[in-house]
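Please keep the sequence and the structure at hand while reading.

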There are 2 protein chains.
Amino acid sequence: MQNFIFKSPTEFIFGKEAENQTGSYLKKYGAKKVLVLYGGKSAKASGLLDRVTKSISEAGIEYTEMGGVQPNPVLSKVREGIELCRKEQIDFLLAVGGGSVIDTMKAIGIGIDYEGDVWDYFCGKASNPHPYPGAVVLTIPAAGSEGSKSMVITNENGLLKRGFDCEESRSKFSILNPEITYTLPAYQTACGAVDMMSHIMERYFTNTPSVELTDRMSEAVLKTIIHAAPAAIANPSDYNARADLMWASTLAHCDLLSCGKTGDWASHDLEHELSALYGIAHGAGLAVVTPAWMKYVFKHDIPRFCQFASRVFDVEMNYFNPEETALTGIYKLEEFFKKLAMPTRLADLGITDNQFQLMAAKTTGQGTHTIGNFAKLSENDCCQIYELMK
Amino acid sequence: MQNFIFKSPTEFIFGKEAENQTGSYLKKYGAKKVLVLYGGKSAKASGLLDRVTKSISEAGIEYTEMGGVQPNPVLSKVREGIELCRKEQIDFLLAVGGGSVIDTMKAIGIGIDYEGDVWDYFCGKASNPHPYPGAVVLTIPAAGSEGSKSMVITNENGLLKRGFDCEESRSKFSILNPEITYTLPAYQTACGAVDMMSHIMERYFTNTPSVELTDRMSEAVLKTIIHAAPAAIANPSDYNARADLMWASTLAHCDLLSCGKTGDWASHDLEHELSALYGIAHGAGLAVVTPAWMKYVFKHDIPRFCQFASRVFDVEMNYFNPEETALTGIYKLEEFFKKLAMPTRLADLGITDNQFQLMAAKTTGQGTHTIGNFAKLSENDCCQIYELMK
């Protein structure tokens, strides 16, 4: 086990009708004038936004709304938000939405007090921001951004999708009401499940030896998702399945499951190129990328893939042919994604052209660096993994 | 799953030589004058206290020492600490020790600014304290007090052992270096393992339906302890076993494993009477109490005990006789405690007299209330459970 620091200070308010407490929690955390950020029409149409803003008004707190955040959120929207916050003298940010809205909020938060362009943080030109405080009312369990330090933004200029991590950007409080997710379509529910599973698997596949406790907890959350996701799709109003998925999304990405180990993250890098280029949903992209990545790298540590197969997918260990056990685990994962009606090949995503070389070059900085930690992947490796997605 | 609020804001600094960062973290959290609280001679003899105070001095922070905290920590020591803090104008508390030292620190923390007697909080006469900030350098993984909101203090007047919970009493930061625990004797290592397992089992046995995610994570931590505790006893310098135990102790009691459910806690209540009356180690007492409690209540929810047996102790399910599976799980737990050389009967603790009626009366307030939530236990039930410990 490696040395680590773990701090997840976010207050999670979980359960039925929790969004009606938004105002009182904003008050508790000292908000005076709030930017309420949201995405498309569903937040309005469902009545959620009304309930949230009513709760804010009842707490005697002022607010300004800004909607229109798109999936795979873009830099221009972040800049727009920064300008609005400066103009309106906002002192607290509230994201009502999923990962895209939350990440946009976090990016706005690090940009308000920064004199340069906020993209500087994403391309390594700036560091140590002083983020504005923010909070979340979660609508889509997937990205885990409600409890994480991460944000991912796409710069439309060059279609660059880049992440930035900042401990101080963690949400002050996050309101998680599983009922809100009853109306999520099956496709989005499935994309969310894949995304959170990926957050766990990226951490699970590590070269760090002896991480038993974190391994077992990761397997626990994976098994729960594997049970809950089909249940939520079969019965969208299954409260307990929705609740398991929502809490799993948070636990998957709050770094609890990173403790003591180095994660991989190559699958995320490979997928970011796909969604930047083709605008596909991140979860759907990960369902294609992850099994391909596994097939390419599993021989690097067959025992770890056997443990994954056995403990997560109940594959019986073949002691005489561990490679077969490892591969069976990967195929079980692929089968599970198919069961969720997720794509597992690029063609399922409608991607039939061959931009593998371009994407491999982009993700490795034109071959100047490798990606991943479990196995270090060169530009050529990335190209071959994209080939496996055909 | 029930509605819940989860907030665990403590910063955990985990790993080799972590105690040398004590000073810089105290500085980060604004300490100016620190009370360094510790227990017996081992903290001094091992050189740990020197390393910690050196680190504090190097950070330019003043400190005062107070040693002599005993296991099953007592109210008089808490009062002594409160007086000292007021006299020395302490603004930050640091516990270098295990649960007894940390709980004493927390109790001092809620007492300094309170005009009345600090015991008022433990007997329900006072609430909503304003605790002083505190931090921990952990020496014994067991009580989980390094990440919990709880404290337990014994009032020598009447041998009353009582707990108090306060969210604001959670440690600001906790330094966890598994190497420090290499010198822990086998007995203390075993007591610690039982204590943390009990913290998980108290939460696990619940009447709340559909708590899959929390159940599975609880099983993950239990399985890890079951593997790590004998390994650490067999080889006291096994870093990874020590590390698993240390992190497990924190996770067992930081409330992560309570999310969405109501825990039981009758075993802790029953044990507190034992250790108050006989001064035995809490973990050793729990090794006697827990299987007895299980044997008395398991029929209340046989499926849950089957799940425990099957998932935690790999007992094969007897579909035609679930009661047998449930009982096998309980016996496996008892066998595991024996493997750790823990007592499983009162006689093993040297307790041969019969004070069952007295203890049952004390824990139920002379029969005025029940204890436990999984099964509500009357004074008579408690008496019968003590009988099962013979």
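## Terms and basis

Two residues are taken to be in contact if their C-beta atoms, placed from the backbone, lie within 7 Å. Helices (H or I, at least four residues) and strands (E, at least two) are DSSP runs, numbered from the N terminus.

This is a predicted model, in which local features need pLDDT of at least 70 and side-chain atom pairs count only at pLDDT 80 or more, while totals for chains, interfaces and linings use all residues. Residues are numbered from 1 along each chain as its sequence is written, and chains are lettered from A and ligands numbered from 1 in the order in which they are written.

## Domains of chain A

Chain A is divided into domain 1 (11–179) and domain 2 (185–388), with bounds that come from an automatic or database domain assignment. The C-alpha centres of these two domains of chain A lie 27 Å apart, and their contact takes 19 residues from domain 1 and 24 residues from domain 2.

On the side of domain 1 of chain A that touches domain 2, the elements giving two or more residues are β1 (4–14) and β7 (160–165) of chain A. That side has twelve nonpolar, five polar and two charged residues, where Ala, Val, Leu, Ile, Met, Phe, Trp, Tyr, Cys and Pro count as nonpolar, Asp, Glu, Lys and Arg as charged, and the others, Gly among them, as polar.

## Where the chains meet

The contact between the chains takes 31 residues from chain A and 31 residues from chain B. On the chain A side, β1, α8 (212–234) and α9 (239–253) are the elements that give two or more residues, and the residues of that side divide into 16 nonpolar, seven polar and eight charged.

Strand β1(A) pairs with strand β1 (residues 4–14) of chain B in the antiparallel sense over seven bridges; strands are said to pair if DSSP finds at least two bridges between them. Within this pairing, A:I13 has B:I5 as its bridge partner, and A:I5 has B:I13.

## Packed helices

Two packed helices are described by the angle between their axes and the distance between the axes. Helix α7 (residues 186–204) of chain A and helix α11 (residues 282–297) of chain A pack at an angle of about 55°, with their axes 7 Å apart. The angle makes α7(A) oblique to α11(A), given that angles under 35 degrees count as roughly parallel, over 145 as roughly antiparallel, 65 to 115 as roughly perpendicular and the rest as oblique. The crossing of these two helices, α7(A) and α11(A), is left-handed, a term used if the near helix is turned anticlockwise from the far one by less than a right angle, with right-handed used if clockwise. Residues of α7(A) including A:C191, A:D195 and A:M201 meet residues of α11(A) including A:H282, A:L286 and A:T290, and by class this contact has seven nonpolar, five polar and one charged residues.

Helices α8(A) and α9(A) pack at an angle of about 140°, with their axes 8 Å apart, which makes α8(A) oblique to α9(A). Here too α8(A) passes α9(A) in a left-handed crossing. Among the residues making the contact are A:V221, A:I225 and A:A232 of α8(A) and A:R242, A:D244 and A:L251 of α9(A), and by class the contact has eleven nonpolar, one polar and two charged residues.

Note on methods
Axes are lines fitted to C-alpha atoms, for helices over the stretch in contact, and angles run from 0 to 180 degrees between N-to-C directions.
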